[in-house]
Amino acid sequence: MRFHYVCSDCGREFMTEELMYQCPDCSKDNDGSSFPKGNLIVELDNEVLREAAAKEHVTPNDFYPYPSDDESIFPVGVTPLMKPERIAERLGLSGLRFKLDSQLISGSFKDRASYEVALQAKALGEKKIVLASTGNAGAAMSAVGAAMGLDIILFVPATAPINKLMQSVLYGAHVVPVKGTYDDAFALSIKYSEMFGGINRNTAYNPMTIEGKKSISIELFEQMGRKAPDAVYVPVGDGCIIAGVAKGFSDLMKAGLIDRMPKFIAAQSESSDAISRAIRNDDFSPVRATTRADSISVDLPANGRMAASYVKKSGGWSVTVSDQKILDTQLVLASESGVLAEPAAATAFAALEADRDHLISELGKDASVVVLLTGTGFKDMKVFDNRVSLPEPIENSVEAIKNLHF
Ligand SMILES: Cc1ncc(COP(=O)(O)O)c(C=O)c1O
């Protein structure tokens, strides 16, 4: 056996590699009144970890429950680790780095989870994948589906940014816009897969999403000279990315490749702060999310309990910022680093800026700090309406350029 499942709430072990979503005991009382219970964690067999530890260099494939036999069919990573020199100097943080997951094939971090779920489908002989998404996960799953010949059925809030929906249509998915929130789309997609079959890829509901997302930590470990960073700032909605990042470092620890975990810092909008409330006050009740950062707009985080637990265990914390700060930060990132990030991704850096003094007091000025820039801004240029405008055109004449003084 390459892996088995463990319930993240009661610790019950399930010695199977069959398709499983949640612990039947812990999930039976999930009724939407508090963060769902019973999400599963994949435990890799010790032999898998021993083999990885013996290698001179590791790749995510060494740690996947469903490894790929040909990663060139849909390459995921290695995404660049950027030193944002001007910003690092301004903030006095010499060890600041940006991980540019906007450069993945579909333009967001979500390729990571989608790829591992596609490998799960392939291994289990399944062709149909059903999911709900705020936009990026759907686009990513649709892109992988196009590359690997899978049928994708995608439930999304009808208000998701148009480019994310168009992307999914172009990749050939069956797109079902829902007149409701992301949480509504989530519930409908689970009903659909219960009624019509297929693998459900919903974030954290399918434990393989966390396994795919952990790939970023394996990459970071190699990119940073086989070390873990001191802290990672992660934009958080459902809490699956941050759990994936933590799981990756946890696997590296179990393999004996690192001897301490980074601190995980959950970055959220003040207008969608359910997981921050859980981290700070053990409050697991839903919120009414209204943030413009659509990818992290979540009422009832699907992986809230696990995310809060990983953050606390690491000695990390949460930072919330206003939507205005998030939108302003998009412009700062673009003009000071050349990275155009979508609002959710900009939230991670907005949180770091807001948290700078506290971070330095905790870890010092030379700490190695990674900010995950999880999605490209090109998918949602509408967010710049009334904030940035193009200059008026000039006449095609030398006379006209004489009046330009830059
Ligand atoms: C670009 C981007 N950043 C961050 C997130 C948040 O991830 P999670 O919902 O797993 O917390 C998402 C989720 O859709 C996303 O698309």
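Predicted model: local features only at pLDDT ≥ 70, side-chain atom pairs only at ≥ 80, totals over all residues.
Guide: Two strands are said to pair when DSSP finds at least two bridges between them.

Visitor: What makes strand E5 and strand E13 a pair, and in which sense do they run?

Guide: At least two bridges are required. E5 and strand E13 (residues 369–373) share five bridges, in the parallel sense. Since five meets the requirement of at least two, the two strands count as paired. One of the residues involved is Arg97, whose bridge partner in E13 is Val370.

Visitor: What joins strand E4 to E5?

Guide: Strand E4 (residues 81–82) is joined to E5 by two bridges, and these strands run antiparallel. Across from Met82 stands Phe98 in E5.

Visitor: Why is strand E5 called largely enclosed by the rest of the structure?

Guide: Strand E5 covers residues 96–100, and four of its five residues are buried, so the strand is largely enclosed.

Visitor: What makes strand E2 and strand E3 edge strands?

Guide: Three strands form an open sheet in the order E2-E1-E3, with antiparallel pairing. Strand E2 (13–14) and strand E3 (40–44) each pair on one side only, and they are the edge strands. Between strand E1 (residues 3–7) and E2 there are two bridges, and Tyr5 stands opposite Phe14 in E2.

Visitor: Which strands stand at the edges of the sheet of four strands, and why?

Guide: That sheet is open, has the order E8-E7-E6-E9 and shows parallel pairing. Strand E8 (174–178) and strand E9 (199–200) stand at its edges: each has a single partner strand, so one side of each lacks a neighbour in the sheet. Strand E6 (residues 128–132) runs parallel to E9, joined to it by two bridges. Helix H6 (residues 162–171) packs on this sheet, where it touches strand E7 (151–157) and E8, and its direction makes about 155° with that of E8.

Visitor: How do you know on which side of H6 the buried residues lie?

Guide: The buried residues of H6 are Lys164, Leu165, Gln167, Ser168 and Tyr171. They cover an arc of only 155° around the axis, so they lie on the same side of H6. These residues pack against H5, E7 and E8. After H6 comes Gly172, with a positive phi near 100°.

Visitor: What makes the phi of Ala204 worth noting?

Guide: Most residues other than glycine have a negative phi. Ala204 is not a glycine, yet its phi is positive, near 70°. It sits in the loop between E9 and helix H8 (208–213). The threshold for buried is 20 or more neighbours; Ala204 has 28 other C-beta atoms within 10 Å and is therefore buried.

Visitor: Is Asp282, in contrast, buried or exposed, and what is its phi?

Guide: Asp282 has 9 C-beta neighbours inside 10 Å, so it counts as exposed. Its phi is positive as well, about 55°, although it is not a glycine. Asp282 is found in the loop between helix H11 (274–281) and H12.

Visitor: What kind of peptide bond joins Gly77 and Val78?

Guide: That bond is cis, with omega about 0°. Most peptide bonds are trans. Val78 lies in the loop between H2 and E4.

Visitor: Finally, which residues come nearest to the ligand?

Guide: Of the 21 residues around the ligand, those are Asn136, Gly237, Asp238, Cys240 and Gly375. The shell divides into nine nonpolar, nine polar and three charged residues.

Technical notes:
Residues numbered from 1 in each chain as written. Buried ≥ 20, exposed ≤ 12 C-beta atoms within 10 Å, placed from the backbone. Near = placed C-beta within 6 Å. Nonpolar A, V, L, I, M, F, W, Y, C, P; charged D, E, K, R; others polar. Contact = placed C-beta atoms within 7 Å. Axes fitted to C-alpha atoms, helices over the stretch in contact; angles between N-to-C directions. Arc of directions from axis to C-beta.
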